[in-house]
Amino acid sequence: MKREISDLIEGKYPEFLENLEIPVEITQGGACMGSDSELFFSENIAEIKQAREICESCPLRAKCLDYATFAEEYGVWGGTTAGERKVLRAGKPLFTLEERRFAVDFRNDVIKMTAAAFAQKYEMTERTCYRWKAKFGVEDLAS
Ligand code: SF4
């Protein structure tokens, strides 16, 4: 497991576990709604430029960039490319929606599942599960 994902599961970045979807304003009111979404995930320079131009007129640009900087690994968001967002993160970790969902499920499972069931689901040793339970201060349901 990536070190950063462990940090995420442990709760070091609680803000990343709160909103597990693209902010609804972006999906409903972004200037990109109704545009060809392939433009936003293209490798073609002219298409990337077109996507950026759409973002320039978007009233949600700042919010979109805020969200995407730490959540979106690919594509044009908030008028920036993936490479530009990497620079903006300045070495801080990016957590995709899938990683955030995994962290939330993992946290819930550590608390709710028995060590045996947890170990089977995540293909880990029960000992690893007990370590996680200890971190969260929960006892094994089976004990
Ligand atoms: S800033 Fe760009 S990607 Fe974000 S919602 Fe607006 S148009 Fe869509």
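What is the mean pLDDT of the protein chain, and what percentage of its residues reach 70 or more? The mean is 90, and 97% of the residues reach 70 or more. pLDDT is the predictor's confidence in each residue, from 0 to 100. The structure is a predicted model, in which local features need pLDDT of at least 70, side-chain atom pairs count only at pLDDT 80 or more, and totals for chains, interfaces and linings use all residues. Residue numbers start from 1 along each chain as its sequence is written. Among the elements of the protein chain, helix α2 (residues 24–29) has the lowest mean pLDDT, 82. The highest, 97, belongs to α3. Elements are DSSP runs numbered from the N terminus: helices are H or I with at least four residues, strands are E with at least two.

Two packed helices are described by the angle between their axes and the distance between the axes. Axes are lines fitted to C-alpha atoms, for helices over the stretch in contact, and angles run from 0 to 180 degrees between N-to-C directions.

Helix α1 (residues 3–10) meets helix α6 (residues 97–112). Their axes come within 9 Å and cross at roughly 55°. The two helices are therefore oblique to each other. Angles under 35 degrees count as roughly parallel, over 145 as roughly antiparallel, 65 to 115 as roughly perpendicular and the rest as oblique. I5, L8 and I9 of α1 and E99, A103, F106 and R107 of α6 make the contact (C-beta atoms, placed from the backbone, within 7 Å). Five of these residues are nonpolar, none polar and two charged.

Helix α7 (residues 115–122) packs against helix α8 (residues 126–136) at about 115°, with the axes 8 Å apart. α7 and α8 are therefore roughly perpendicular to each other. A115, A116, F118 and A119 of α7 touch E126, C129, Y130 and K133 of α8. This contact has six nonpolar, no polar and two charged residues.

Notes
Contact = placed C-beta atoms within 7 Å. Nonpolar A, V, L, I, M, F, W, Y, C, P; charged D, E, K, R; others polar.
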